[in-house]
Amino acid sequence: MALRDDEVIAFLTAFRSPERPDSYFLWQTATKPRHGIAALGLELLEFAVKREVSHGARFVEASVDKDNKPIRLVMKTLCKRLGGHLTEELLYSSEFLSSKDAEHHDETLNRAGFAGGYCV
């Protein structure tokens with residue numbers, strides 16, 4: 001979480017499942033519009049990822065709408081900063097996630113591997 005004058009201006013939620021302790025799953029990120037700090041969301045994610053890698057995580061993963069350009073750019077930039085490679089694969093098809101009343105988009109899994117503290 002990032003605070004300015006006791007106000008939350010950015011946060012991220014993520015977790016490491018007991019079933020997959022080597023993976024840090026990014027659930028959600030958000031920054032307040034016009035907060036005035038360049039790349040705040042990326043900086044927050046980089047800090048969290050480095051902390052988790054230092055505690056044994058080997059992967060960072062995110063379920064992403066293929067049209068969500070901001071988070072895809074954040075993931076690519078994170079890996080670029082840390083010298084890594086990002087893979088994307090279909091996680092859930094729109095067919096699986098849609099119902100007769102609501103259509104849903106495909107969800108892709110963005111996954112970056114880590115070794116020695118950096119993306120590989």
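The following legends describe close-up views of a predicted model. Local features require a pLDDT of at least 70 and side-chain atom pairs a pLDDT of 80 or more, whereas totals for chains, interfaces and linings use all residues. Residues are numbered from 1 along each chain as its sequence is written, and side-chain values use heavy atoms, with hydrogens and water left out.

**View 1. The largest nonpolar core contains 25 residues.** A nonpolar core is a set of buried Ala, Val, Leu, Ile, Met, Phe, Trp, Tyr and Cys residues joined through side-chain atoms within 4.5 Å. Buried means under 20% relative accessible area, exposed over 50%, and partly exposed in between, for a 1.4 Å probe and protein chains only. Val49, Val60 and Met75 touch the most other members of this core. At least two core residues each come from β2 (7-15), β3 (23-31), α1 (40-54), β4 (59-65), α2 (69-81) and β6 (107-115). Helices (H or I, at least four residues) and strands (E, at least two) are DSSP runs, numbered from the N terminus. With seven residues, α1 provides the largest share of the core. When residues up to four places away in sequence are not counted, Val49 touches Tyr24, Val60, Leu78, Leu82 and Phe114; contact means heavy atoms within 4.5 Å. In soluble globular proteins, nonpolar side chains tend to be buried together.

**View 2. Strand β3 pairs with β2 and with β4.** Two strands pair if DSSP finds at least two bridges between them. Six bridges join β2 and β3 in the antiparallel sense, and Leu12 has Thr29 of β3 as its bridge partner. The pairing of β3 with β4 is parallel and has four bridges. From β3 the chain crosses through α1 to β4 in a right-handed β-α-β crossover; right-handed means that, with the strands pointing away from the viewer, the path from the first strand over the helix to the second runs clockwise. Leu26 stands opposite Ala62 in β4. Six of the seven residues of β4 are buried, so this strand is largely enclosed by the rest of the structure.

**View 3. Helix α1 has 15 residues.** From its first C-alpha to its last, α1 reaches 21 Å, close to the 21 Å expected at 1.5 Å a residue; the expected span is 1.5 Å times one less than the number of residues. Buried residues of α1 include Leu40, Leu44, Glu46, Val49 and Glu52. Gly56 follows the helix and has a positive phi, near 105 degrees.

**View 4. Ring pairs link Phe15, Phe25 and Trp27 into a cluster.** Rings of Phe, Tyr and Trp (its six-membered ring) pair if their centres lie within 6.5 Å; planes under 30 degrees apart count as stacked, over 60 as edge-to-face and the rest as tilted. The structure holds two aromatic pairs. Phe15 and Phe25 form a tilted pair, 5.5 Å centre to centre with 40 degrees between the planes. Phe15 lies in β2 and Phe25 in β3, so this pair ties together parts that are 10 residues apart in sequence. Phe25 and Trp27 form a tilted pair, 6.1 Å centre to centre with 50 degrees between the planes. Phe25 is buried at 14% relative accessibility, Phe15 is partly exposed at 39%, and Trp27 is exposed at 62%.
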